[in-house]
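Morning, everyone. I'll keep this brief. Let me put the structure up.

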Amino acid sequence: MDDTTDDTASLAIPMDPDVAFNAISNSRRRRVLLSLSRTHGELTANELAFEIAAIENSVDPSKVGSDERTSVYITLTQSHLETLAECGAIDYDSRSKTATATDATEPLAEYIRRLQTACYKPESEDPS
């Protein structure tokens, strides 16, 4: 088997393509997957909310306000974490509000990273 085949096999996502596209169709769900792919173990919904609110507001996590964190936390716990868990992208315990990676987390995160790298916003050309 050559490197290309090995690389493709390691990125195999154990789910239907439509389910995978739905899982990564929301920026907060993409951030959850990226966060879980970088950590070993579990992350709480509160930790994820601080991290995502910081990214969305372009501030250090220590500078995230209560309103920003709460808004993200509510959508994570009422929608996004359940959506990701239902399709097998993550494991989510709604009682402890903790999320952990599954076999699908890293392949999804790798495709997200590749897409972020491949997509760019061209700088506007200066006509002068």
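Start at Asp103. Asp103 is exposed, because its relative accessible area is 69%, over the 50% cut-off. Keep in mind that this is a predicted model. Asp103 sits in the loop between strand S3 (98–101) and helix H6 (105–118).

Now H5, residues 66–86. With 21 residues at 1.5 Å each, the helix should span 30 Å, and its end C-alpha atoms are 29 Å apart, so the two agree. Still, H5 bends by about 55 degrees at Leu76. Leu76 is one of the buried residues of this helix; others include Val72, His80 and Leu84. The buried set packs against helices H2, H3 and H4, and against strands S2 and S3.

On to charges. How many salt bridges does a search of the whole structure find? Six. Take Glu56 and Arg28: their closest N and O atoms are 2.7 Å apart. This pair links distant parts of the chain, H4 to H3, 28 residues apart. Arg28 is buried at 15%, while Glu56 is partly exposed at 32%.

Last stop, H6. Arg113 bridges to Glu106 at 2.4 Å, and Glu110 bridges to Arg113 at 3.3 Å. Glu110 and Arg113 are about one helical turn apart, because three residues separate them in H6. Glu106, Glu110, Arg113 and Arg114 are linked in a network of salt bridges.

How values were computed:
Residues are numbered from 1 along each chain as its sequence is written. This is a predicted model: local features need pLDDT of at least 70, side-chain atom pairs count only at pLDDT 80 or more; totals for chains, interfaces and linings use all residues. Side-chain values use heavy atoms; hydrogens and water are left out. Helices (H or I, at least four residues) and strands (E, at least two) are DSSP runs, numbered from the N terminus. Buried means under 20% relative accessible area, exposed over 50%, partly exposed in between (1.4 Å probe, protein chains only). The expected span of a helix is 1.5 Å times one less than its number of residues. The bend at a residue is the angle between axes fitted to the seven residues ending there and the seven starting there. Contact means heavy atoms within 4.5 Å. A salt bridge is a side-chain nitrogen of Lys or Arg within 4 Å of a carboxyl oxygen of Asp or Glu.
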